[in-house]
Amino acid sequence: MGILYDDVVIIRQPETEGDPTVITVNCPDKTGLGCDLCRIILFFGLNIVRGDVSTDGKWCYIVFWVVGKQKTRWSLLKKRLVAACPSCSSASGISYYCSDLQPPKPSDVFLLKFCCHDRKGLLHDVTKVLCELELTIKKVKVSTTPDGKVMDLFFITDTRELLHTKKRKDDTIEQLTDILEDTFITIDIELVGTEITNCSQASSFLPTAITEDVFDLELPDLVRSGTLRSDYVSVTMDNLLSPAHTLVQIMCQDHKGLLYDIMRTLKDYNIQISYGRFSTKPRGKCEIDLFIMQADGKKIVDPNKQNSLSSRLRMELLRPLRVAIVSRGPDTELLVANPVELSGKGRPLVFYDITLALKMLGTCIFSAEIGRHTIADHECEVYRILLDEGEGLSVPRNKIEDGVWKMLMGWE
């Protein structure tokens, strides 16, 4: 028949304080399911410290051990994880799982615009509210006027699909008003069409600091400390241990979203995981064993395919995002490139982490924009932040670059 709706995702809180919470997912399988689940867990600010994946190609059983925020909304997390599994249908009043019949329709895009007096940390505070409300930022344009005011344009979608209702819109405006406090001037939310979002596309020009070698698969063993981590990453493949699967063994340094980075890479290559185990070791080291096969159910025996996959995995573990500080005329610009899955989704909370890092560094933002760009045949979400230098940039450029990188990697 199927599995009961309430048993698809089970979240078990730890008996001892400090131990991880255990999330169990038991549902029909689909290629990329592990990636989708890891992305949701990352969105809720949780780190996966251990994981087990087992599937026969039709049904899967996944267990994640997670740690993170004390105020995690566990019931909402469960709802989002259940929604990522193959959709449910109702039979005689009992919900069972069946495979998806058609892809979901694109979410409506809304324009949030407000004008207020500028202050340090304002953009991060607004971003934090939007994330807590499960409003996804698709594009943003922020500009500062000479008289110290900011005009912010956020193109957002609603995970809850309720922003068209008066209650949801009023609640959003109320929470933003509380954050803006006495600086509030005007605020509005409206549904917009594709012609508006197309007119708000980011600049097509990107500096070479981001475009050069951004997807270079031939990375050296040692990379520059600070922007890139110099810890050794090992990716090996074996076709002798299993008669039906290729074994991928990975050893690397832990970072925020590490399991998501591995899963999204395999998803883009249309690789299926039959069995996998992930664990963190002392001093931040990680070991991952994955038994995988191609979509046709065969091992990966072609040396070129093996080299391509192992090189891509190694690259994504060394630098899942790209961070650079460049000169834009007399000004300083922070650039962050976030690779996008073939499904069109990018790593969550990147803009949140960027603005948090700049707020902690005491660095003001003059203007910001988010846009999609194609770099070396891959789509990226590129964040361009023009820093407000005022009398001169008080924080050294290398400290800003290092601070943003560490925040994105979870090393702060």
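Me: Let's begin with Glu134. Where is it found?
Reply: Glu134 is in the loop between α3 (122–132) and β8 (135–144). Keep in mind that this is a predicted model.

Me: And what's its phi like?
Reply: Phi of Glu134 is near 60°, a positive value in a residue other than glycine.

Me: Is Glu134 buried or exposed, and why?
Reply: Glu134 counts as buried because its relative accessibility is 1%, and the cut-off for buried is under 20%.

Me: OK, over to Asn270. What about its phi?
Reply: Asn270 isn't a glycine, yet its phi is positive, at about 60°. Asn270 sits in the loop between α7 (258–268) and β13 (272–280).

Me: How accessible is Asn270?
Reply: Its relative accessibility is 38%, so Asn270 counts as partly exposed.

Me: What happens at the start of α8?
Reply: A side-chain oxygen of Asp302 comes to within 2.9 Å of the backbone nitrogen of Asn304 there.

Me: Which α8 residues are buried?
Reply: Among them are Gln306, Leu309, Arg312, Arg314 and Glu316.

Me: Last one, Leu356. What is it in contact with?
Reply: Leaving aside neighbours within four places in sequence, Leu356 is in contact with His124 and Met407. Leu356 lies in helix α9 (residues 350–361).

Me: How far is Leu356 from Gly403?
Reply: They're 47 residues apart in sequence and 9.9 Å apart in space, C-alpha to C-alpha.

Note on methods:
Residues numbered from 1 in each chain as written. Predicted model: local features only at pLDDT ≥ 70, side-chain atom pairs only at ≥ 80, totals over all residues. Heavy atoms only, no water. Helix = DSSP H or I, 4+ residues; strand = E, 2+ residues; numbered from the N terminus. Contact = heavy atoms within 4.5 Å. Buried < 20%, exposed > 50% of the residue type's maximum accessible area, 1.4 Å probe, protein only. Polar contact = N/O pair within 3.5 Å; in protein donor to acceptor, adjacent residues only side chain to side chain.
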